[in-house]
There are 4 protein chains.
Amino acid sequence: MIKANLRSDNNAGVCPEILEAMIAEAHRKGDSYGRDSHSTELNRAFSELFEREVQVIPVASGTAANALALRMMAPSYGMVLCSDVAHIGTDEAGAPEFFNAGCKLAPLPSVMGKLTSATVTSYLEMSDVTSINRSRPSVLSLTEVTERGTIYTVDEIASLCASAKAHNLSIHMDGARFANAVSALDESPADLTWRQGVDVLCFGATKNGAMYAEAIILFRPDSSVEYELFAKQSGHVLSKRRFISVQLLTMIQDGLWLKNGKTANAKAALLATRLESCSNVKIVYPVQANEVFFSAPPDIIDKLNRDGHGFQARPFDGRNKLVRTVAAFDTTEADIEAFVCSVASES
Amino acid sequence: MIKANLRSDNNAGVCPEILEAMIAEAHRKGDSYGRDSHSTELNRAFSELFEREVQVIPVASGTAANALALRMMAPSYGMVLCSDVAHIGTDEAGAPEFFNAGCKLAPLPSVMGKLTSATVTSYLEMSDVTSINRSRPSVLSLTEVTERGTIYTVDEIASLCASAKAHNLSIHMDGARFANAVSALDESPADLTWRQGVDVLCFGATKNGAMYAEAIILFRPDSSVEYELFAKQSGHVLSKRRFISVQLLTMIQDGLWLKNGKTANAKAALLATRLESCSNVKIVYPVQANEVFFSAPPDIIDKLNRDGHGFQARPFDGRNKLVRTVAAFDTTEADIEAFVCSVASES
Amino acid sequence: MIKANLRSDNNAGVCPEILEAMIAEAHRKGDSYGRDSHSTELNRAFSELFEREVQVIPVASGTAANALALRMMAPSYGMVLCSDVAHIGTDEAGAPEFFNAGCKLAPLPSVMGKLTSATVTSYLEMSDVTSINRSRPSVLSLTEVTERGTIYTVDEIASLCASAKAHNLSIHMDGARFANAVSALDESPADLTWRQGVDVLCFGATKNGAMYAEAIILFRPDSSVEYELFAKQSGHVLSKRRFISVQLLTMIQDGLWLKNGKTANAKAALLATRLESCSNVKIVYPVQANEVFFSAPPDIIDKLNRDGHGFQARPFDGRNKLVRTVAAFDTTEADIEAFVCSVASES
Amino acid sequence: MIKANLRSDNNAGVCPEILEAMIAEAHRKGDSYGRDSHSTELNRAFSELFEREVQVIPVASGTAANALALRMMAPSYGMVLCSDVAHIGTDEAGAPEFFNAGCKLAPLPSVMGKLTSATVTSYLEMSDVTSINRSRPSVLSLTEVTERGTIYTVDEIASLCASAKAHNLSIHMDGARFANAVSALDESPADLTWRQGVDVLCFGATKNGAMYAEAIILFRPDSSVEYELFAKQSGHVLSKRRFISVQLLTMIQDGLWLKNGKTANAKAALLATRLESCSNVKIVYPVQANEVFFSAPPDIIDKLNRDGHGFQARPFDGRNKLVRTVAAFDTTEADIEAFVCSVASES
């Protein structure tokens, strides 16, 4: 019987196009520390994708990408506003605070994983930016797709950016699942980011079919040299960086990233549709990208575990758990059916 | 004509055995953050290799491995003794100092890249460990193979460790090219490390045919949980860690690491032999592993550059430069011949 | 007309006994960096006061005391639980996060400035201490007197410590106004601290009539050497430390600290009594120590400002402000009368 | 018999003018965190002294002043060039490295405590500022008076600043004994600092008769707000800052700082003259300010210890020790005579 691993999209394999490019690269020698031909191509390729001049810092982990960016964006006495479910605050073991000693995160209340500009404005208006005793709000961090599987629209991003910029904050976007958002919204990457005011995007590829590849995209004429030196001293300039760069280039070539994103989104949609017909479980957040959150009673959790499926469960409502399932580029219909079958058999 | 890339062993490709294992893994799903079957196998496999119980933290870069280890080994008011040519001091852009805010490196004079126990003892005896104003010597860091291509013998390591431990220091070994040392000396990994007093070894694989794989090996019952949490907050717990782990496991399986090390060493020996017959260049340090350092006049440097060979050159003696060449597992005899041919044609 | 400065007890002068001791010291030479006779007397004197062996680190600011202590108590991947109004979180501009890069504060909901053990237990039970992605709860920080002017009883401290220790946390007490608490409760310093489980107390003197003197009191056999080295490297070992030490010794001699605390508390009580008879203002938190919080409409705020009184006001309920007034050892009845007179004239 | 405490000028008392001003302040209330009338007067008073607009950050310790300044002046991947005997490198237990995680000191060879511009230029020309692996030289730090009691002339400072600025470094001056230098050279403070290119001066007062007072002087239009916020988060904004400010204002009023400096210098000169007539001891460095370094055999060291005099001794030449003696504003001729008498009786 099929055991569906829906625990996270980082449990997936590597998509064939990327693997093939890596294999080709593995048979070659190449310059180290970003002097190779793939790495030096990154700025051009991503500038084309984003319809403006950008600078790209390729790193191996999403935590590194976020923490590096926030370190460069906020002073040590700064404060990063984010949602109360933001990955940077809940799941990175203090990485932003480690990279930028003294900097605080300010988790603001969210709804379905999203911040509103009203919440941001209200917080900023209440902040005392004259006292020597108070950290200074410096950055607004948005996650797109959010940690609840929902997606900020272009208008929502515009409004949030405007609220933050009215108080001189910079905007960081954690785009670990940016591909899922772009392919779901059918908006241009530029419209979802810098055109609304995003200053730095952490563009994720690992969850979307790469092996280890994330790109920090600088939309302003930042000094990428400073980023690189800081990346080096935090251990994030890999000597064989070319293998990260080739993953990133392949990912954005011929729309592979959107294809993979769409595939994962479609599987999540299928799962949602199928779960809706199961009594006893209830979908909790709108399914807009590749994640499905549903509540389930203990016997269903037990059954899913017994059947060997992968998923996350956390305390929710009374005896019920909140289950998170995530589809990836390599999730199959058979996976979905097997998973739903386990749910249904206990419902 | 062949352009030999001897700039560094991190300019090499990926060796076939490791690539094959990675490809197999790429077609599978697997648990993230080290819960996969490869990662959980690391402790056992390396314990066998080192003939004692060890704990393994797999990371993607050598700088990360060294900086993480030194952070865990020294207090913030500590001092890490190392040679004046140590990679941790000269080529990591302050990574050890960043990971461990306040900690200092103390570069001691070296000969042919090596520290002597007399130097270490003398420094420690002169250190004031009673004043509140002085950093405390806490760790001795040795590089094996050294940054000058020489190798500490077992006796030298024993003596250095004894000197340091007499003053309660811990011992760190930067083993970016540990495979080259072990295969050259024909000693056991245990004899070169913990049996002499080494507490933590950074076991390199990237320079030896892996794509991105380094292992921090803890020889004492350290809490690997603390290492992991700190690795996470510095961005060094990759979500798809299994791809690092599979590289490391493959590397130490069936002696692949020693085979690759021997191959590279042999190519360096060949290069050294061939260069000895070239007038005008002069080998500067004993060639004991996979690196050959030689002095060369400007016209030879120019010729090597014109012919497109890869190497490093730095100021040396008058107009002469010091050239560093490094052989890797995939360096060919043809590479060597092409390189020597360029040298000879100008000599 | 008298302008009452009730803005904070750190707006006070220096009490005569301490000033006299400082003057005597100013006419002498003395050893530096804590080797003087006053500094070396601190451990004995505070051990007597606390009825057990303690170690004392004297520093010049309360922020330094708290941040140093928390740095030594929590690992970088740790989390410090505190109330949502804790001074360490709201008024130290990120000092705890700066001293301990990576460490987070977890602000928990409080009532009248106080945490309950139920809140602490519930938070700890919900914490995932197995995931590599989560910071580890490490320290519970209590403020005594709280930031709302209320005082934890011995039983409350006992209960909070028990809840925290059940999950292996250490206990930090921010005692910037510890003297006010002890003199109000009429409990022994020991009963309010280590006998209930407090591990480290930051014993404040500056707000209680000293010029610049705070003592970190270590109740466990911590290595004060490590504290001192870290204090040095954060710039907090003053060369003429003896002037801090003589303030601390004088403060605890013959119960001066409790006398000053009682005086300030009595003035706050007087103010509270007098304000209760003013219509239009309303005391908001129980007045247990030397602070009085009351709500007041804009015209009263304006009048107080016009009359030149010192106080803090922040947004509260609709148009009303929350006013904080703090009495010190040198607050006079005339100050209180002048302040109340201004309030009453607008009520 | 008189026991002369010549161990350091931080073993001195507090000079009468400053003590008097502190006592007056102690009887008053005053605003906290630098909003008081003394603190707000600092910029004006020091601007007048330095003949240009400056910003002043008053702190309690010299280590804090230096570490704060260097943190603001250098990036984390930066390098601070200093002499190999610089206090910031040898006697601050890693404070500069703690305040600025990742930043390195580069100790350069000095003669009689002084750097030369040739040494600085040569180091900078050899530095690779293109490699991602190398820290970037960012600041030159000069100590005036040097740690060997010698004084840089205006021309030497000009030349050193020019060498550093040619490579885009900023200039920091550790002026713990700046008063001794200015009063010895009879140059204006401006000529010794910003007119030659110094960007930030740490102006010491503690060693010159204050109790705890150092001023960071910013010569460029730096954002003092950023300095203050960082000072706060490192625990260096004292709540009763007014007591530091009043010390600084009194110190520079009516030339008190120069009077104290001259007095101390004169006592050192007297000591030097008297020692010259003692056989068996030999003055080692030119006596230009308030420090006298001399070599002495063990029996003299023993005699000085037996007689209870204060001084520092460290290993020197064979059995001889290097003795450092420091005169302060309150060193008396009787102290000098008593000290010399002890030396002479063994010579």
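Predicted model: local features only at pLDDT ≥ 70, side-chain atom pairs only at ≥ 80, totals over all residues.
Chains A and B meet through an interface in which 40 residues of chain B are in contact with 40 residues of chain A. On chain B, at least two residues of this contact side are supplied by each of the helices α1 (16–26), α3 (62–73), α5 (95–99) and α10 (224–233). The side of chain B that touches chain A comprises 17 nonpolar, 17 polar and six charged residues. Chain B is superposed on chain A by a rotation of 180 degrees with 0.0 Å of shift along the axis, and the RMSD is 0.0 Å. The two copies are thus related as by a two-fold rotation axis. The same surface serves both copies, since 100% of the contact residues of chain B recur in chain A. Among the residues of chain B, Ser234(B) comes closest to the rotation axis, with its C-alpha atom at 3.6 Å.

A further interface involves chains A and D, where 16 residues of chain A are in contact with 16 residues of chain D. The side of chain A that touches chain D receives its greatest contribution from helix α10 (residues 224–233) of chain A, which gives six residues. By class, this side of chain A contains eight nonpolar, four polar and four charged residues.

The largest nonpolar core has 471 residues, and those with the most contacts inside it are Ile216(A), Ile216(B), Ile216(C) and Ile216(D). When neighbours within four places in sequence are left aside, Ile216(A) is in contact with Val56(A), Ile57(A) and Val59(A), with Ala65(A), Leu68(A) and Ala69(A), and with Val200(A), Cys202(A) and Tyr227(A). Ile216(A) is one of the residues of strand β7(A) that point one way from the strand, together with Glu214(A) and Leu218(A), whereas Ala215(A) and Ile217(A) point the other way. In a regular strand the side chains alternate between the two faces of the sheet. Five of the five residues of β7 (residues 214–218) of chain A are buried, so this strand is largely enclosed by the rest of the structure.

Strand β7(A) has pairing partners in β1(A) and β6(A). With strand β1 (residues 55–59) of chain A, β7(A) pairs in the antiparallel sense over five bridges, and Ile57(A) stands opposite Ile216(A). Strand β6 (residues 200–204) of chain A is likewise joined to β7(A) by five bridges and runs antiparallel to it; here Phe203(A) stands opposite Ala215(A).

The sheet was also examined in chain C. Seven strands of chain C form an open sheet of mixed pairing, in the order β1-β7-β6-β5-β4-β2-β3. Strands β1 (55–59) and β3 (104–108) of chain C stand at the edges with a single partner strand each, so one side of each is left without a neighbour in the sheet. Direction ignored, neighbouring strands of this sheet are turned by 25 degrees against each other on average. Within the sheet, strand β2 (residues 78–83) of chain C runs parallel to strand β4 (residues 136–143) of chain C, and four bridges join them. In this pair, Met79(C) stands opposite Pro137(C) of β4(C).

Two helices of chain C lie across strands of the sheet. Helix α7 (residues 154–165) lies across β4 and β5 (170–175) of chain C and runs at about 170 degrees to β4(C). Helix α10 (residues 224–233) of chain C lies across β1 and β7 (214–218), running at about 10 degrees to β1(C).

In chain B, Gly209(B) lies in the loop between β6 (200–204) and β7 (214–218). Gly209(B) counts as buried because 31 C-beta neighbours lie inside 10 Å. Apart from neighbours within four places in sequence, the residues in contact with Gly209(B) are Ala12(B), Val14(B), Cys15(B), Ile18(B), Asn260(B) and Phe329(B). The C-alpha atoms of Gly209(B) and Ser110(B), 99 residues apart along the chain, are separated by 29 Å.

Chain B also contains a hairpin formed by β10(B) and β11(B), with five residues between the strands. Strand β10 (residues 312–315) and strand β11 (residues 321–326) of chain B run antiparallel and are joined by four bridges. Arg314(B) stands opposite Leu322(B) in β11(B), and Gly318(B) in the turn has a positive phi of about 60 degrees.

Technical notes:
Residues numbered from 1 in each chain as written. Chains lettered and ligands numbered in written order. Contact = placed C-beta atoms within 7 Å. Nonpolar A, V, L, I, M, F, W, Y, C, P; charged D, E, K, R; others polar. Least-squares fit on C-alpha atoms with pLDDT ≥ 70 in both. Core = buried A, V, L, I, M, F, W, Y, C linked by C-beta atoms within 7 Å. Buried ≥ 20, exposed ≤ 12 C-beta atoms within 10 Å, placed from the backbone. Pairing = 2+ DSSP bridges. Axes fitted to C-alpha atoms, helices over the stretch in contact; angles between N-to-C directions.
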